[in-house]
Amino acid sequence: MGELIYRHRLPVRIMHWVNVVCLVILLMSGLQIFNAHPALYWSEDSREGTKVLEITQKQADGQSRGVTRIGPFEFDTDGVLGNSRGADGMEPRAFPAWITIPGPQWLAMGRLWHFFFAWLLVANGVAYVLWTLFSGHLRRDLLPTRGEWHGIGRSLRDHLLLRHPRGEEARRYNVLQNIAYLTIVFGVLPLIVLGGWAMSPMMDSFVPGWVDWLGGRQAARTLHFGAAMLLVAFLAVHLFEVVITGLVNNLRSMITGYWRQPE
Amino acid sequence: MKKPRPFYEQRRERRGFLRAGLAAAAASSGLAGCDALSSNETAVAVLRSAERLTNTVHRALGRRAMAQEFPPADIAPTFRPNGTTMPVGDIYAAMLASGFADWRLTVDGLVANPLELSLAQLQAMPSRTQITRHDCVEGWSCIGQWKGVRLSHVLNLAQLKPGAKYVVFHCLDRMEEDNEESLYYGSVDLDDAFHEQTLLAWELNGRPLPVENGAPLRARIERQLGYKQPKYLRRVQVVAGFGDIGAGKGGYWEDQGYNWYAGI
């Protein structure tokens, strides 16, 4: 048995789980809101010519099928995207009921969930950034050292081969982990918040024209959605790594703080 | 004698059970949990608390901030109508047939000087023209040019009495075809009512306001979503509170559960 070490301090553990709740609810209520107008554009307003994504229905052989269009490409996504099973049988809706909050089409309620947890996410995020700065977490654990930057190729190869550090080396975040966490915390999450603000007509008025930096309100809506998909991709990799490097050990370390160092 | 099934088939079946079990657990704990909370009064009240926070913070950031205005080249080829596009009933049909000659806008409530204004009287008042982006709660946007009189001008003519806190817009269109009581209405606070860009508009993209966009007169509240900008206006009522109007939430969509503050 490896040594049991105290790995995650209490504030980080609390903020991690608050984040889990916020991100899951924001994602699912966000898809509910998206369903009210399931198309994305790259412009200030919603012009047909600037449409980059659309989830809709197509009539084929007298049947309605769910399709997803990304740029010039069309995919048959019937059963999941565009047309899926709800409480009353098949219904035309972009994202299916099992992944939206609430389940049925209910925009007003989706917005209530989204905005409450958006505030919580921002509060948690601000607390986290302050904590990383003042506790030394950022400098000590998150920023890679020069030596670690040089080892990036080896780290990438090890990850792809599912080889994980053991012993002393396992005590620190590896460089790919550092890059992933830093990108999410200081890149993707701020972008998602900015995109959300840009969709608020009142927020838009406080600094005239700032929404144009993001390409306009509808482009900001696309960025908001794209950043959410990046978060989903990050979560998929994160969960995969959590499972293959020892689910129970990792879960315990994020609950109690104690982590057994692999030998 | 029954042949035992190959191991891999049993495994697949077990995996099927496992998957169904996981899906059921997820549905009952997560999603169904949220669905149950969505119809729980206390839970919804907690979720709704964010609305006041947003409203307060937004007002602290700037009461008079101006919505972005755009150059004429940005005007959308057609302005997308939404909600009512043709009010039902004989009253509106008759008004439309006569070119709104008999239509009047009533301004009353907590005012010293109630008004009855014809379209011609409104159009004789100082006007403002603005090209702004209309943002629908559904998610789409559309840029259009509006011309109308500032609501502040009309309210100043009517002279607000002490205690006035909100302006309620009453409309001609019913939201349920066979329910005469289901007339659209909405309300804003005095910050939005007296805002520089808040108009009673009779013109869209240089032409008289089309029926589908709210003829003869609609409100433009540029820093809030589309459902806060009532069409087919008939009455502007100044009030201290809106608890006794409709279902008491300040507007038709608000009565259906949408936020009263729609600056996001």
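Me: In which loop is B:Asn205 found?
Reply: Helices (H or I, at least four residues) and strands (E, at least two) are DSSP runs, numbered from the N terminus. B:Asn205 is in the loop between strand 7 (199–204) and strand 8 of chain B. This is a predicted model: local features need pLDDT of at least 70, side-chain atom pairs count only at pLDDT 80 or more, and totals for chains, interfaces and linings use all residues. Residues are numbered from 1 along each chain as its sequence is written, and chains are lettered from A and ligands numbered from 1 in the order in which they are written.

Me: What is the phi of B:Asn205?
Reply: Most residues other than glycine have a negative phi, and most peptide bonds are trans. B:Asn205 has a phi near 50°, a positive value in a residue other than glycine. Phi of B:Phe100, likewise positive in a residue other than glycine, is near 60°. B:Phe100 belongs to the loop between helix 3 (90–97) and strand 1 (105–109) of chain B.

Me: Why does B:Asn205 count as partly exposed?
Reply: A residue is buried if 20 or more other C-beta atoms lie within 10 Å of its own, exposed if 12 or fewer, and partly exposed in between, with C-beta atoms placed from the backbone. B:Asn205 is partly exposed because 19 other C-beta atoms lie within 10 Å. B:Phe100 also counts as partly exposed, with 19 C-beta neighbours inside 10 Å. A:His150, in helix 4 (residues 146–150) of chain A, has 11 C-beta neighbours inside 10 Å and therefore counts as exposed.

Me: At what angle do helix 1 and helix 2 of chain A pack?
Reply: Axes are lines fitted to C-alpha atoms, for helices over the stretch in contact, and angles run from 0 to 180 degrees between N-to-C directions. Angles under 35 degrees count as roughly parallel, over 145 as roughly antiparallel, 65 to 115 as roughly perpendicular and the rest as oblique. The angle between helix 1 and helix 2 of chain A is about 150°, with their axes 8 Å apart. Helix 1 of chain A is therefore roughly antiparallel to helix 2 of chain A.

Me: How does helix 1 of chain A pass helix 8 of chain A?
Reply: A crossing is left-handed if the near helix is turned anticlockwise from the far one by less than a right angle, and right-handed if clockwise. Helix 1 of chain A passes helix 8 of chain A in a left-handed crossing. Their axes come within 11 Å and cross at roughly 140°, so the two helices are oblique to each other.

Me: Which residues make the contact between helix 1 and helix 8 of chain A?
Reply: Two residues are in contact if their C-beta atoms, placed from the backbone, lie within 7 Å. Helix 1 of chain A contributes A:Leu23, A:Leu27, A:Gly30 and A:Phe34, and helix 8 of chain A contributes A:Phe225, A:Ala228, A:Leu231 and A:Val232. Ala, Val, Leu, Ile, Met, Phe, Trp, Tyr, Cys and Pro count as nonpolar, Asp, Glu, Lys and Arg as charged, and the others, Gly among them, as polar. The residues of this contact divide into seven nonpolar, one polar and no charged.

Me: How is chain A divided into domains?
Reply: Domain bounds come from an automatic or database domain assignment. Chain A has domain 1 (4–38 + 98–260) and domain 2 (39–94), their centres separated by 28 Å over C-alpha atoms. In this chain, 14 residues of domain 1 are in contact with 16 residues of domain 2. Helix 8 of chain A gives the most to the domain 1 side, with six residues.

Me: How many residues does each chain bring to the contact between chains A and B?
Reply: Chain A supplies 32 residues and chain B 38 residues. On the side of chain A, the largest share, nine residues, comes from helix 2 of chain A. By class, that side has 18 nonpolar, seven polar and seven charged residues.
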